[in-house]
Amino acid sequence: MKRFRIAAALTILAASALSLGAQSPWLHLYYPNGMDYQGWDMSEILDITFDEESGKMTVNVLNDKGESVPVECEMTSISQFRIGPNVPAIRVVTTEYYTEIPSKEYYLDGTFTLEGRGAQEDFTYPVQIRGRGNSTWGYSKKPYRLKFDSKQRVLLPKKAKSFVLLANYIDPSMMRNFAAFKFGQIIEMPHMHHAYPVDVYFNDIYKGSYTLTGQVGFNNGSVDLTDEEEANSIMFELDSYESTDEDEYPFDSEYFNSDYGYYLPVRVKDPDAPEGEAEREAWLTKWRDDFNKFMTIIDRGNVDEIYAACDLESLVRYIMVANIACNQELNHPKSVFLYKTDGGKYMFGPCWDFDWAYGYEPTYKKGQNSYWGWGDTSYPSYENPLLGHGRSDGDGGAFFYALCSNEVFINRFREVWNDFYQNRQAQFWQAFDEYAEMLRPSANLQGLSRSSYMKYDSNVESLRTWIQNRFDYINTDPNMGLWEDGTLE
């Protein structure tokens with residue numbers, strides 16, 4: 001029998017995951033195909049014992065009373081064990097007890113606790129929590145929104161009052177949103193969101209592995225403006241999903257293609273409208289008229305006028321982020337954001353919502369032409385065009401096609417793309433691999449609660465292969481994966 005205490009175990013077992021430095025070391029035991037997972041904070045482990053004759057490893061764990069509790073493991077059944085960081089945990093306890101958030105229309109009061117596990121200092125603070133999302137709200141694993149009464153830093157680079165917990169229900173890699181966000185950061189898309197993996201507990205019920213990110217809007221770690229700019233700015237959301245939120249003041253835009261009657265479903269995302277009825281109506285009329293003026297410019301089709309009205313650089317990068325994920329929600333449109341400061345141009349972004357992407361909704365003519373489901377996460381064709389632009393393809397696709405199908409856009413898109421493809425791919429893949437490794441303990445814990453998440457390594461590898469194929473396809477396709485040949489019909 002060989003016996004190693006904590007110091008010796010750390011020396012022998014420490015793996016590359018400790019390169020994340022400040023995070024607290026945990027012992028992680030992984031099993032083939034995600035069949036099981038165990039993890040302990042190294043500060044809770046008294047010692048680790050290996051018995052070569054029986055083939056067993058015993059982890060002696062300290063319980064709440066300071067007593068040693070042995071946990072036996074068959075060494076032959078473990079695919080790997082590592083010492084490295086663990087994913088932080090978020091615990092929310094509501095004043096009124098529920099087993100699940102009942103609504104996305106109102107908040108529940110509660111207490112937020114972050115177990116930073118070395119990534120950040122632990123802290124507890126009052127919070128409000130509600131559901132969020134459109135189609136994702138209908139899944140059994142719910143997405144959430146958190147709201148504090150003052151700006152807090154929760155794992156992400158910037159302080160904010162509001163945060164979002166993305167459930168990744170249809171994404172067994174739990175990496176799709178991160179990959180798009182990171183790509184956008186690398187190509188210098190303005191106002192890209194950051195992502196951090198967390199384990200979420202609601203009223204002491206484990207809800208799963210989530211992606212923590214910011215809430216889209218002004219000055220919330222999303223689009224940062226000065227106070228003066230915010231007072232004279234607006235953010236619109238283009239979304240065909242019917243909303244019950246009256247504060248969004250939805251309207252249908254004027255036609256931006258008068259020959260075929262294309263128009264956009266528009267909502268006011270930010271800021272809040274003035275409270276006084278007369279002032280509010282004047283404010284809404286001003287910005288609706290401004291947006292419709294933009295539609296009129298697009299209808300005329302003069303490229304110089306179009307790019308005098310909207311920012312070419314943000315448009316190029318916005319489309320590029322969507323394109324590497326083939327995020328075809330632009331076609332509906334859904335979750336499309338753009339904003340403007342008085343006297344300035346329309347800016348595109350922030351980029352958002354990438355779970356229905358990476359071939360999840362493969363349409364618009366080329367390649368596979370049907371939805372795919374969970375299965376073994378066999379990703380479909382990476383050659384589908386991003387944008388449809390026919391009569392039945394959605395007004396959003398026609399809108400972006402009208403903006404982008406010109407030499408000015410194409411030439412700038414190719415310049416930015418070539419820089420990424422030739423010079424920055426390695427940076428993206430390094431970040432991708434580091435996030436996948438950081439996420440691993442949380443992903444394996446999630447796999448115990450739902451079999452579809454069990455094959456984490458193969459799920460990540462499938463996504464990795466699809467993205468690389470998509471990169472190569474964009475680089476060789478005459479239309480850079482944006483659309484098939486044709487004209488606006």
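Student: In β5, which residue is the bridge partner of phenylalanine 50?

Tutor: This is a predicted model. Strand β4 covers residues 45–51, and this strand pairs with β5 in the antiparallel sense over six bridges. Within that pairing, the partner of phenylalanine 50 in β5 is methionine 57.

Student: Which residue in the hairpin of β4 and β5 takes a positive phi?

Tutor: The hairpin has four residues between the strands. The positive phi there is near 75°, and the residue that takes it is glycine 55.

Student: How many bridges join β5 to strand β6?

Tutor: Strand β6 covers residues 68–74 and runs antiparallel to β5. The number of bridges joining β5 to β6 is seven.

Student: Why is strand β5 described as largely enclosed by the rest of the structure?

Tutor: Buried here means under 20% relative accessible area. Strand β5 spans residues 56–62, which is seven residues. The strand is largely enclosed because the number of its residues that are buried is five.

Student: Which residue in β3 does leucine 27 stand opposite?

Tutor: Strand β2 covers residues 26–30 and pairs with β3 in the antiparallel sense over five bridges. In β3, the residue opposite leucine 27 is tryptophan 40.

Student: How many residues of the largest nonpolar core come from α8?

Tutor: This core has 129 residues, and Ile319, Phe399, Phe400 and Leu403 touch the most other members. Not counting residues up to four places away in sequence, phenylalanine 399 touches residues including Leu238, Phe256 and Phe348. The largest share of the core comes from α8, and that share is 14 residues.

Student: How many residues make up the second, separate core?

Tutor: Its members include Leu27, Trp40, Met42 and Met57. Leucine 27 and tryptophan 40 are also the residues that stand opposite each other, the latter in β3. The size of this second core is 14 residues.

How values were computed
Residues numbered from 1 in each chain as written. Predicted model: local features only at pLDDT ≥ 70, side-chain atom pairs only at ≥ 80, totals over all residues. Heavy atoms only, no water. Pairing = 2+ DSSP bridges. Helix = DSSP H or I, 4+ residues; strand = E, 2+ residues; numbered from the N terminus. Buried < 20%, exposed > 50% of the residue type's maximum accessible area, 1.4 Å probe, protein only. Core = buried A, V, L, I, M, F, W, Y, C linked by side-chain atoms within 4.5 Å. Contact = heavy atoms within 4.5 Å.
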